[in-house]
Structures are given as structure tokens and as C-alpha cells.
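Colleague: I am new to this structure and would like to understand how its parts are arranged. May we look at it together?

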There are 2 protein chains.
Amino acid sequence: MKNTKTTKLRPRRKQHRRKPARFSNREKLKIMVVGGLEEVGRNCTLLEYGDDIIIIDIGLQFPEEDMPGIDYIIPNLSYLKGKEKNIRGIIITHAHLDHIGGIPHLSPKLGNPPIFTTRFSSAVIKKRQEDFENKRLNIKEITKDDQLVLGKFRVEFYHINHNIPESLGIVVHTPQGTVVHTGDWKFDYTPVGGEPADFSKLAKIGDKGVLALLSDSTNSDKKGHQISESEIGVVFEKIIKASSGRIIVGTFASLLSRMRQVIEIADKLGKKVAVDGFSMKSNLEISRKMGYVKVKPGTLIDMKQVDDFPPEKVIILCTGAQGEGKAVLMRITNNEHRNVQIQPGDTIVFSSSIIPGNERTIQRLKDTLVKKGAKIIHTDMMDVHAGGHAKADDVKLMLLLLKPKYFVPIEGNRFLLEENAAVAESMGIPEKNIFVADNGQVMEFAHNRGWLTNNHIKSDYVFVDGLGVGDVSQIVLRDRQMLAADGMVVVITLIDGKTGKLVGSPDIISRGFVYLKENKGLIEDTRKLVRKVAQDKDKKSAPDNMYLKNKLRDEVGAFLFKRTERRPMILPVVIEV
Amino acid sequence: MKNTKTTKLRPRRKQHRRKPARFSNREKLKIMVVGGLEEVGRNCTLLEYGDDIIIIDIGLQFPEEDMPGIDYIIPNLSYLKGKEKNIRGIIITHAHLDHIGGIPHLSPKLGNPPIFTTRFSSAVIKKRQEDFENKRLNIKEITKDDQLVLGKFRVEFYHINHNIPESLGIVVHTPQGTVVHTGDWKFDYTPVGGEPADFSKLAKIGDKGVLALLSDSTNSDKKGHQISESEIGVVFEKIIKASSGRIIVGTFASLLSRMRQVIEIADKLGKKVAVDGFSMKSNLEISRKMGYVKVKPGTLIDMKQVDDFPPEKVIILCTGAQGEGKAVLMRITNNEHRNVQIQPGDTIVFSSSIIPGNERTIQRLKDTLVKKGAKIIHTDMMDVHAGGHAKADDVKLMLLLLKPKYFVPIEGNRFLLEENAAVAESMGIPEKNIFVADNGQVMEFAHNRGWLTNNHIKSDYVFVDGLGVGDVSQIVLRDRQMLAADGMVVVITLIDGKTGKLVGSPDIISRGFVYLKENKGLIEDTRKLVRKVAQDKDKKSAPDNMYLKNKLRDEVGAFLFKRTERRPMILPVVIEV
């Protein structure tokens with residue numbers, strides 16, 4: 001029984017949904033977490049008290065595999081319609097896309113309220129905004145030591161570790177008590193390019209009393225403490241020293257601490273670093289400007305210069321460790337990169353965790369790399385990636401520091417939220433004081449007590465596809481799924497407007513169904529069937545030839561299923577001439 | 001640096017492709033491994049010597065996520081076209097779908113050669129054949145102790161462990177030496193419902209000399225020995241004893257040893273077992289008939305009877321641990337099962353490894369289960385699944401027993417093949433004697449020497465979709481991908497055959513693109529554009545109105561992209577009236 005965790009047969013969590021009647025609506029602090037996807041509870045948190053609303057983070061989420069063509073999903077904020085005047089501000093914890101990605105779409109709809117965030121996050125948000133038509137944003141830069149008064153809310157901040165600079169935890173003092181929102185976080189005693197978390201401030205906040213802690217669940221199912229970014233550095237240095245060929249490091253464009261480390265090691269060992277990937281380059285640029293990445297002159301080279309140096313001198317830092325189709329690593333691997341191709345002896349380091357859903361794509365990428373003679377190092381083999389999120393023991397330490405009365409797991413699917421809840425319970429927080437809320441489910445707090453209500457604000461999907469926001473509905477998605485599975489067949493018949501008789505020969509067009517050139521018989525038989533159906537046409541035809549259209553759809557569909565066991569989408573077109 | 005494997009910076013494998021000219025083609029033994037997917041090297045192995053061909057396994061593979069609508073992929077055996085008379089037989093190592101699934105499609109095309117396999121595998125193959133129109137198969141049942149003479153090949157077998165009964169290893173004595181094909185295997189000293197592998201026979205085969213060993217790579221990247229099925233039993237018994245509610249065990253329909261164990265534990269503890277899932281039930285039936293699963297009368301109950309017993313007495317054994325859409329566990333979870341729904345206190349045991357690509361689906365399934373008050377036990381948490389494949393130390397032991405001169409990793413993606421190659425190298429097989437072959441790449445052996453040639457037999461995808469085999473081409477798939485991403489728009493214009501002038505108003509139909517009801521303006525503007533393009537129509541129009549069609553496709557496509565940043569498939573239809 002290797003790898004065996006302790007059996008956790010803990011009893012099912014009971015949800016406490018008592019709603020004491022004695023508090024008026026105006027007295028109550030409401031908290032809602034609205035996510036992109038149902039069951040996920042992330043991306044955006046709303047706090048409402050009387051006429052004051054603050055928003056923490058407006059992120060985006062990437063689509064599931066059954067959402068073809070969707071670029072991403074943003075939170076549904078229709079609850080705020082008509083309440084725009086109450087919004088005192090948006091507070092951004094850090095500059096990752098799942099915390100800032102919804103801003104360009106949603107900020108204008110909310111009436112451009114002030115966005116409070118650090119200088120670094122502000123620069124990233126502004127840079128991204130350049131891709132959108134509406135450039136206007138109302139950003140107010142703050143530091144971790146500032147305090148804000150936003151209506152009846154007083155807000156302060158604390159410094160916390162994550163894998164992007166200037167990440168904040170948010171402390172909201174409300175008339176009903178203090179609420180702490182962690183953002184994404186881990187404790188890192190030896191971070192790269194920054195300070196450890198501010199334990200002293202956290203302890204002070206805890207001593208003054210915390211009503212509710214909303215905390216990141218992403219890695220709460222993992223034992224122990226998250227490893228430090230510095231430990232990664234040791235491993236990287238070893239790999240870079242040991243290699244006699246080029247090193248290609250694939251990672252996230254936003255993983256700035258990783259970029260910094262690779263560049264620092266290159267400086268130390270006298271190697272050159274070429275950075276490629278649009279957002280990686282712009283993030284590096286911002287970080288250099290702000291002093292988060294320091295680099296000797298001459299260390300950074302252009303991708304065009306890679307071949308000017310001997311292989312053992314070259315490190316390439318690029319995007320695409322998730323196997324993203326258009327990212328740099330994929331292009332290099334598939335000989336689609338302008339300057340660089342894989343050569344035998346290259347070492348490819350995948351310095352990122354695998355986002356669920358990308359496993360097969362990454363495996364295929366690795367297969368191609370291995371076939372071309374490259375060596376692969378992944379996080380399974382060596383510690384070349386440290387997650388940015390608190391593991392169970394980090395959560396425990398946070399609970400000891402903040403001593404909250406109520407605990408609300410956020411940031412994670414239902415399974416992870418429950419795991420995080422279990423950690424809090426193991427630390428003595430009573431089960432009834434832990435709220436595992438649905439997406440959009442309203443939590444209320446008053447007079448030092450809290451409860452999870454049965455009310456849900458609107459929180460269904462808002463899809464972004466190209467320039468369209470929310471214009472792809474479930475109907476459009478269902479059509480796309482159907483088209484993807486078996487393709488489609490357009491059946492065009494011309495009908496004489498007066499006699500109702502078929503004119504000429506019906507046209508059959510299909511895509512994604514069968515290879516037409518090799519299935520002429522099937523098409524010919526379909527045409528015969530269409531002719532028969534059109535000739536049998538009931539003279540009492542409904543307007544718009546609806547009767548004939550439905551009959552064509554049904555009969556052609558049934559005929560093709562019988563012949564092929566496929567169900568293409570049938571589109572009958574009837575034209576009166 | 002926890003979880004750190006030894007750094008493996010081994011040099012790139014050099015492929016040895018020497019082809020000594022002094023051997024005639026007739027003297028050479030050729031071996032080709034043909035897979036469903038490129039780079040995979042599995043599913044089907046061909047051995048050819050002079051006019052004699054034998055085939056080992058004809059499996060299927062499940063599609064990748066960029067192959068919408070495809071049911072599965074079967075090996076490309078077009079190399080055998082015209083050589084049907086040389087095929088001396090198909091030998092099946094064991095009854096898993098990835099080893100038998102191509103039989104119904106390919107056996108008739110090969111002229112129904114004899115299929116040699118054990119009684120158990122024969123029963124599974126015959127049962128599956130009932131789903132196909134052509135029922136005829138030429139199966140010859142054999143036992144592990146039989147010998148076959150197939151042309152110039154003499155074939156014997158040895159008993160090996162896997163997680164389905166009567167799994168065989170294949171020993172082919174050829175005029176050029178002995179080739180061993182392991183099938184899927186592990187060593188299990190304490191298997192469930194069978195004997196440990198036949199070490200004595202393996203040692204004897206090794207002592208007589210093995211030219212080449214073709215061996216399973218699936219788990220070759222994992223250290224140590226595979227755990228035994230019996231160890232799983234201990235964990236299962238603990239879980240079943242500890243639970244005060246119902247237990248639902250999801251696993252593979254073909255994982256017979258697991259089913260047997262659960263039923264045996266139920267017998268021992270006086271619980272009832274309801275089994276559900278079409279192929280799981282039929283596999284259980286076959287196993288009971290052959291004595292592989294013994295069960296007390298009254299232990300097995302019908303799904304309809306589940307509610308007649310107290311929850312703590314009930315175990316449900318079902319398919320769906322991979323989150324398959326129509327499998328039993330999914331239906332139970334989504335309240336779509338006729339008899340059983342999830343109730344608080346249920347414990348769901350996922351007793352299978354996660355097949356790459358299914359992670360997100362399984363995660364969503366777990367989320368729903370947790371939300372309904374169920375407890376989840378997965379293989380990450382406890383050892384509730386033992387893989388059926390050899391880990392590195394198993395491979396080493398096999399190499400010590402068989403002492404092959406050449407080693408050919410099979411069954412696995414390129415990465416795993418290379419890992420398996422590295423294991424063989426670490427055991428002293430020279431790099432030049434290890435062939436990591438492409439899919440379809442020809443290996444040749446003569447006079448006690450072998451080489452990997454540069455020749456490849458045809459091995460590209462053969463897709464099965466509904467009743468069609470091989471009729472979905474890459475073109476059809478590309479269309480499906482395009483339709484899935486942005487949907488499609490059909491543009492219908494009527495043209496006066498004599499004047500070339502537009503007749504009436506163009507028709508615009510779209511699916512999967514935008515929600516039409518909410519985008520009437522966009523459709524109206526498209527119609528205007530179509531009218532303009534059709535009126536501008538060049539009088540020197542190509543036949544079939546090809547010029548106008550191309551112009552419509554280009555201009556409508558560009559217009560819609562500008563307005564939406566989406567690229568729906570544009571289908572222009574021009575009808576002359």
C-alpha cells in the first residue's frame with residue numbers, strides 16, 4: 001500500500017441554511033462568489049452591505065472540451081444591473097488572467113468604477129486593454145500599505161506570496177465584522193524576487209478578530225507545505241549546468257518568478273537567454289521596468305541570434321508548456337517557427353503543472369520532441385515547477401494566524417472546496433461555520449453570525465467568442481457539438497410556386513459527414529429520396545413550406561442514419577420559383 | 001526536492017538503420033508493428049517470412065479530442081492486400097478491446113484466416129461479434145500448452161498475468177530465430193483467480209535463445225514492480241467494512257479480476273452485489289460460465305432489488321469510472337438511471353487509472369457526486385487500482401529470464417517506448433540492438449542479426465464512424481473541426497440563367513455561428529452584401545457559377561470575420577432558374 005493517504009471516510013457535509021428572521025436586509029452583509037463555470041466558485045467575489053458594493057477580482061476561465069469555438073468564459077454580473085451606482089470599486093488581488101481577464105468586457109458595463117490594484121498589476125491590465133477597442137479604464141494604483149474607505153467598507157491589504165509580483169490579500173472591515181479574501185496564495189519563506197508573506201501583519205489582523213476567511217482551495221487536497229521557488233532554482237541550475245546542448249524552458253507567460261530565475265542562472269553561468277511569446281515578452285518588459293527582473297547587459301538575445309551562439313550557451317524561454325496550438329514551443333516543435341527548430345541534443349524543460357484537459361496534447365508534443373532527438377524534463381521527474389497555491393499545511397498556518405469564525409473555501413472545483421473545508425474542520429472550525437457555497441449562492445452575515453442562504457444570484461455562463469460576449473447561447477453550442485460529431489447535409493429543392501411541383505433536380509451539399517467523392521451512390525440515393533418526398537408534397541402545405549421542410553428533415557435524417565449510423569444535421573431549403 | 005527521480009540526461013538514441021545487402025529478401029524475417037495512431041506502435045504486429053505471415057492481435061484505439069464523431073480507429077492493414085493467401089493465422093494474446101477490437105472489421109477483409117486464442121478470449125470475441133452484421137469468424141481455440149505450426153513458423157505460448165483471464169505471451173520460432181511477443185503483461189506473485197506467470201517456462205525459452213523480445217511499454221516509466229491484485233483486495237475489504245452506506249465501485253467492464261474480488265469480499269461479509277453495464281454483465285457471465293468467478297447463491301442481485309436491502313448491505317459494481325457519457329455511473333449520478341440514484345452516505349470507489357484525456361470529465365463527475373453527499377475514493381487516495389502492466393523492475397526481470405539479443409518496445413506512445421528502451425539499456429542490451437520503431441516501420445532479421453530499415457508500410461489512420469470504416473478522411477475531420485469552432489453559414493442566391501441577374505432575395509441560413517434571433521442586423525447586412533456581390537457578377541462567369549461562388553465565399557467570410565472575429569464555414573449555393 002504505497003502512496004496511501006489516510007482513509008478519509010468523513011461524513012457528508014451538512015449545509016446550514018438557517019436564515020434568522022430578526023435581521024433586516026439592510027443590516028446584513030452579503031457575500032457572493034460568482035464564477036465562470038458552475039460549481040467552480042471563483043473569478044469574482046461580491047460584497048454588499050446596504051447601498052455599498054465592492055468587487056474583488058473579475059477573471060476569466062478557459063472553456064471545457066464540450067464548448068467548441070469558445071475563447072473563454074467571464075463571470076455573470078447581471079445581479080449588478082441597476083446597482084451600478086452602488087459599486088464603490090473593483091479590487092484586483094493579482095495580475096493573472098483568471099483574476100483580471102473579465103475587466104475589458106465587464107468594467108464598461110458596470111459604469112467604469114475605480115479599479116484598485118498595485119502598480120505591477122495595473123501595468124499588466126493596461127497592457128492587455130490595448131487589445132480591446134474601448135481603452136478607457138479607471139485604475140487607481142495602491143500599495144500594500146494603503147487603506148481605502150469605500151462606502152461603509154474600510155479596506156486594507158497584506159503582502160502574500162504567489163508566482164507573480166505584488167500579489168495582495170484583501171482585508172475588508174465591514175460594519176458586521178472583518179472579512180479576509182486571500183486571492184491566490186502560498187507561503188514562501190524564500191521567494192524569488194520578493195519578500196516572504198507578512199506574517200506579522202497577518203497575526204495582527206487575526207488578533208483583532210476575523211469574521212470570515214475566504215481562501216484559495218486549488219492545492220488544498222495536497223499534504224504538507226508548498227515548495228519554495230528557490231528550491232526550483234537549485235534544480236534548474238543543476239539541469240542547466242549538466243546540459244551540453246540548448247535548453248528550452250516552456251512555462252506560463254505569467255510565471256514571472258520562474259523567468260527571473262532562469263535569467264539569473266544564465267547570468268551566473270554566462271549563458272544567453274532568448275525569450276519568445278507575445279505576452280511573456282510584454283510581462284518581462286513590465287517586470288524589468290519595475291525592477292523585478294534584473295539582467296546583465298548582453299544576456300538577453302533575440303530569437304534571430306540563437307544560431308550565432310554555440311548550443312551549450314543558449315537558453316530559450318518560451319510559452320507553450322501546455323501544448324497550446326499557437327504558442328512558441330508548439331511552433332518550434334512543428335518546424336513552424338521562423339528562427340528556431342528542434343535539434344538533437346536539445347533539452348526541453350516543461351516548467352508548469354499540467355492543466356487538466358491538456359494531458360493528451362502535451363503527451364503528443366513530448367512524443368514529437370523525443371522523436372526529434374530532444375530530451376524531456378517534466379515536473380514528474382524533477383521539481384522544475386512549484387505551484388503558486390497553498391497546500392493543506394499552508395492553509396492550517398493561515399487559520400492559526402487569522403483565527404476566523406467562519407471559513408469559505410473559494411477558488412476550486414467542488415471537490416477541492418470540500419477538501420479545503422475538511423482542512424478547516426481538522427483545525428477546529430465547526431462544520432456549521434464552513435460554507436461550501438454554490439456558484440452565486442448568497443452568504444449572509446449579521447451580528448457576528450453567518451449563514452448560507454438558499455438564494456442564488458444569476459451565475460450561468462457568459463461565453464466570449466471572438467468579438468461576441470454572451471451571444472453564443474447553449475443552442476449555438478449544441479449546434480456546434482452536433483456539427484462536430486457528424487457534420488451536416490443541406491438539401492435544396494426548387495418548387496413551382498403555383499403548382500407546388502418540384503422544379504429541376506434537388507441539390508445535396510454536405511460537409512463533415514462522409515467523403516463525397518467516394519460516396520456518390522449514397523448522394524444519388526438521397527437525391528432520389530428527396531425527389532420522392534417533394535413530389536408526394538401535401539398540397540395543404542403550411543406557410544413557408546414548413547411541412548415539406550420537416551418531412552425532408554425527418555426522412556433524409558432517418559435514411560442517412562440507416563445507411564451510415566451517423567446523424568448529420570439536416571438543413572432543408574425549399575425555394576419557391 | 002521531494003518526488004525527485006534521478007536525473008536522466010541520457011544521450012539521444014541513435015537509430016541503427018544499416019541494411020546488409022548480402023541477404024536476399026526471402027531469407028529475411030520482417031516484423032512490423034501497426035497501430036491505430038501514428039507514433040503509438042500497438043494494436044497489431046505482423047511477422048512475415050517468405051510466403052508466410054502471422055498477425056498478433058488486431059485491436060482498436062479510441063480517438064483523440066481533435067477527431068470529433070469518430071468511434072474508434074483500427075490498424076491500417078492495406079499492406080496485406082494481395083497477400084491474403086499468405087496469412088497463416090491471427091493470434092490473440094488476450095480479450096481486451098485494444099487487442100481484439102479490429103477483428104470484426106478486418107478479419108473479413110483478410111479472407112477470414114483462422115484466429116487462434118484461448119477459450120475465454122474466444123468467448124469474448126464471439127459475444128462482441130454478435131453486434132456486427134457479418135457473424136462469421138474462423139476461431140480455433142487453443143490452450144497455453146499447445147503448439148502450432150503456421151507455415152515456417154512454429155508458435156508456442158506461455159501463461160502471463162494481466163487483469164483479464166487467460167492472457168498469453170507468444171513465442172514464435174522462425175527460421176531466423178525466436179521472437180517473443182509479450183502481449184500486455186505484469187508479474188503478479190499473488191494474482192486473483194489464476195496462477196502467477198510461468199517463470200519456469202520463461203526461463204526455458206530464454207535458455208534456448210531469444211532473438212528478439214517485443215514488450216509492453218505502458219508502465220515502463222514507473223519504478224519498481226507493479227502491485228498485486230491481492231493487495232487491492234485488502235484495501236477493498238477495509239473500505240467495504242468501514243462503510244455504513246452503499247458502496248458503488250466504478251471500474252472497466254473488462255477488469256475481471258477486480259469484479260471477482262469485490263464479489264468475493266461481498267460473499268465473505270454477507271453483502272449483496274448488483275452489477276450493471278452491458279459489457280460488464282456479459283463479461284461476468286462468460287467468467288462465471290468458465291469458473292473464473294464463483295459466487296454464493298443470493299449474493300448477486302438485480303439493480304431493481306437494490307432498494308430492498310439496507311444501504312450497508314449493498315454494493316453496486318458498474319462501468320463508468322472514466323466518466324463515459326452513457327455508462328452506468330454517469331447515469332446514476334445524473335438521475336438518469338431507472339433504478340438507482342445517488343443518496344447521501346454513498347461511497348463511490350473509482351477503481352481504475354484515469355485514461356489521459358478524461359481528467360476533466362471525471363473531475364466534473366466527482367464534483368456532482370460530492371455535491372449530492374457522496375464520498376469519493378480514488379486511486380490517488382488509496383490503492384484501489386492496480387495497473388495490468390509491467391513496471392521497470394518487471395521488465396528487468398523479464399529481460400533476465402528471456403535474455404533476448406534484440407529488444408523492441410511496443411504498446412505505448414513514443415515517450416514510453418523510449419523509457420522502455422532505457423530500461424533495456426540499463427540491463428546491458430546495447431543501444432544498437434534496441435529498435436524504437438515508428439508505426440509501420442519495417443524491422444528485419446537474418447542470420448542472427450537485426451536492423452531497423454527505413455521502409456515503412458502504410459499505417460495511417462483508419463477511422464470507424466458508425467457503419468463506415470475508412471470513409472471519414474482527414475478532409476472530413478477538418479470540416480468537422482471547422483464546423484465545431486465557428487459553425488457555418490449557407491448563402492443561397494437565385495440567378496436568372498439567361499441574364500445572369502439576381503432573382504428575388506438571397507437566403508441566409510446559419511447554425512452554430514451566432515444566435516440568429518438576436519443578430520437580425522448582422523443577417524440583414526450579410527444579405528445586402530450578397531445582393532451586391534451577385535449584382536456585380538462578372539459576365540464571363542466560369543461554369544457552375546464557380547466565380548460567383550468563390551467571390552461570395554471570400555467576401556461573406558471576410559465581412560463576418562470583421563464583424564465577429566469568427567470564421568464560420570461559408571457555403572455558397574448559386575441556383576440558375
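Colleague: By what turn can chain B be laid on chain A?

Modeller: This is a predicted model. In it, chain B superposes on chain A with an RMSD of 0.3 Å, and the shift along the axis is 0.1 Å.

Colleague: In chain B, which C-alpha is nearest the axis?

Modeller: The C-alpha in question lies 2.4 Å from the axis. It belongs to B:Ala484.

Colleague: What percentage of the contact residues of chain B recur in chain A?

Modeller: Contact joins 88 residues of chain B to 87 residues of chain A. The same surface serves both copies, and the share of chain B contact residues that recur in chain A is 99%.

Colleague: How much area do chain B and chain A bury between them?

Modeller: The size of an interface is often expressed as the accessible area that is lost when the parts come together. Here 59% of that area is on carbon and sulfur atoms. The total buried between chain B and chain A is about 7,800 Å².

Colleague: Which residue of chain B meets A:Asp438 in a salt bridge?

Modeller: Four salt bridges are found across the interface of chain B and chain A. In one of them, at 3.5 Å from N to O, the side chain of A:Asp438 meets that of B:Lys371.

Colleague: Which helix gives the most to the side of chain B that touches chain A?

Modeller: That side of chain B divides into 36 nonpolar, 17 polar and 35 charged residues. The helix that gives the most to it spans residues 359–371 and supplies nine residues; it is helix H9.

Note on methods. Residues are numbered from 1 along each chain as its sequence is written. Chains are lettered from A and ligands numbered from 1 in the order in which they are written. This is a predicted model: local features need pLDDT of at least 70, side-chain atom pairs count only at pLDDT 80 or more; totals for chains, interfaces and linings use all residues. Side-chain values use heavy atoms; hydrogens and water are left out. Contact means heavy atoms within 4.5 Å. Buried area is the accessible area (1.4 Å probe) that two parts lose on being put together, summed over both. Helices (H or I, at least four residues) and strands (E, at least two) are DSSP runs, numbered from the N terminus. Ala, Val, Leu, Ile, Met, Phe, Trp, Tyr, Cys and Pro count as nonpolar, Asp, Glu, Lys and Arg as charged, and the others, Gly among them, as polar. Copies are superposed by least squares on the C-alpha atoms of residues with pLDDT of at least 70 in both.
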